[in-house]
Amino acid sequence: KWGFVARDTGKPVYLLCNADESEPGTFKDRLLIENDPHQLIEGMILSAYAIGSERAFIYIRGEFRKGYDILCRAVEAAQARGFLGEKIFGTEHTVDIVVHLGAGAYICGEETAMLESIEGRRGEPKLKPPFPAVAGLYECPTVINNVETLACLPHIVNRGVEWFRSIGPEQSPGPKLYCLSGHVQKPGVYELPMGIPLSELVDDHAGGARPGRKIKAVIPGGVSAPMIPESGLDVTMDFESLTAIDTMLGSAGVIVLDDGDCIVRAAKNINEFFHEESCGKCTPCREGLDWTGKILH
């Protein structure tokens with residue numbers, strides 16, 4: 001995304017942090033924001049310097065009021081120390097960060113809908129091209145990265161690219177924050193290499209199924225990702241491997257269902273969420289989710 005951003009257009013370049021963590025089963029960004037907001041701010045300063053941006057935005061989910069307050073205080077503290085503002089660290093570089101609280105709409109996690117929301121319009125996706133890197137916020141070149149990506153930057157700068165690439169598989173290198181929830185004994189956020197087997201993640205780290213229960217299926221990447229039956233849990237958690245079995249890594253929100261769960265009821269519950277959160281712009285989503293809900297019911 002950084003390499004794609006349009007340069008020398010005569011327009012300002014904007015940086016946007018996507019903190020609208022609305023995918024059910026996902027709670028890693030909230031953890032980073034609430035426990036180490038300065039790690040995110042430092043990553044944004046590095047990113048802004050790299051792309052030549054002087055104004056950055058954090059778009060945070062409307063329900064994250066605690067995280068919003070923490071971020072606002074952290075930005076003020078960084079400004080007071082001279083880490084943000086004009087001529088930071090004695091250079092000619094200026095970086096300002098604006099924290100923008102959303103209104104609780106799932107669709108605003110989609111980057112073009114997020115841009116519409118920041119500009120004060122209804123949160124609806126826009127057609128691409130043009131891509132945000134060419135014409136994004138206020139029709140200016142814009143880079144949009146998520147919280148986890150930006151939080152990695154200080155560590156990559158301090159330890160080097162080769163250190164980062166030495167973690168995980170060659171095609172999908174680096175560490176990953178996995179969110180474990182559902183019917184496991186030890187739910188939570190686990191930082192582990194990309195490419196870890198799903199069975200190891202669920203059984204060894206999250207403690208496996210509850211006593212007397214057996215795992216029936218696992219959602220690997222938030223509820224937008226198709227479920228994997230218990231027989232397929234030897235798959236590794238990386239983009240290529242999950243795509244090969246017709247699902248996706250997505251937000252790495254791993255939700256475990258055991259043999260006490262009804263898959264049809266789970267699918268109906270997921271469908272109702274998306275029906276409620278549809279922005280109504282596209283016919284298959286607006287009309288189709290209503291009909292699939294009736295069919296599942």
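**Close-up 1. A252, a buried residue with a positive phi.** A252 is buried at a relative accessible area of 0%, where buried means under 20%, exposed over 50% and partly exposed in between, with a 1.4 Å probe and protein chains only. Although A252 is not a glycine, its phi is positive, at about 60 degrees. A252 is found in the loop between α8 and β9, helices (H or I, at least four residues) and strands (E, at least two) being DSSP runs numbered from the N terminus. The model is predicted, so that local features need pLDDT of at least 70 and side-chain atom pairs count only at pLDDT 80 or more, while totals for chains, interfaces and linings use all residues. Residues are numbered from 1 along each chain as its sequence is written, and side-chain values use heavy atoms, with hydrogens and water left out.

**Close-up 2. D246 in the loop between α8 and β9 (253–258).** D246, a residue other than glycine, has a positive phi near 65 degrees. D246 is exposed, its relative accessible area being 65%.

**Close-up 3. Cis peptide bonds at P129 and P130.** K128 and P129 are joined by a cis peptide bond with omega of about -5 degrees, and the bond from P129 to P130 is cis as well, with omega near 5 degrees. P129 lies in the loop between α4 (111–118) and β4 (142–146), and P130 has its place in the loop between α4 and β4.

**Close-up 4. E230 between β8 and α8.** The loop that holds E230 runs between β8 (228–229) and α8 (239–244). With 37% relative accessibility, E230 counts as partly exposed.
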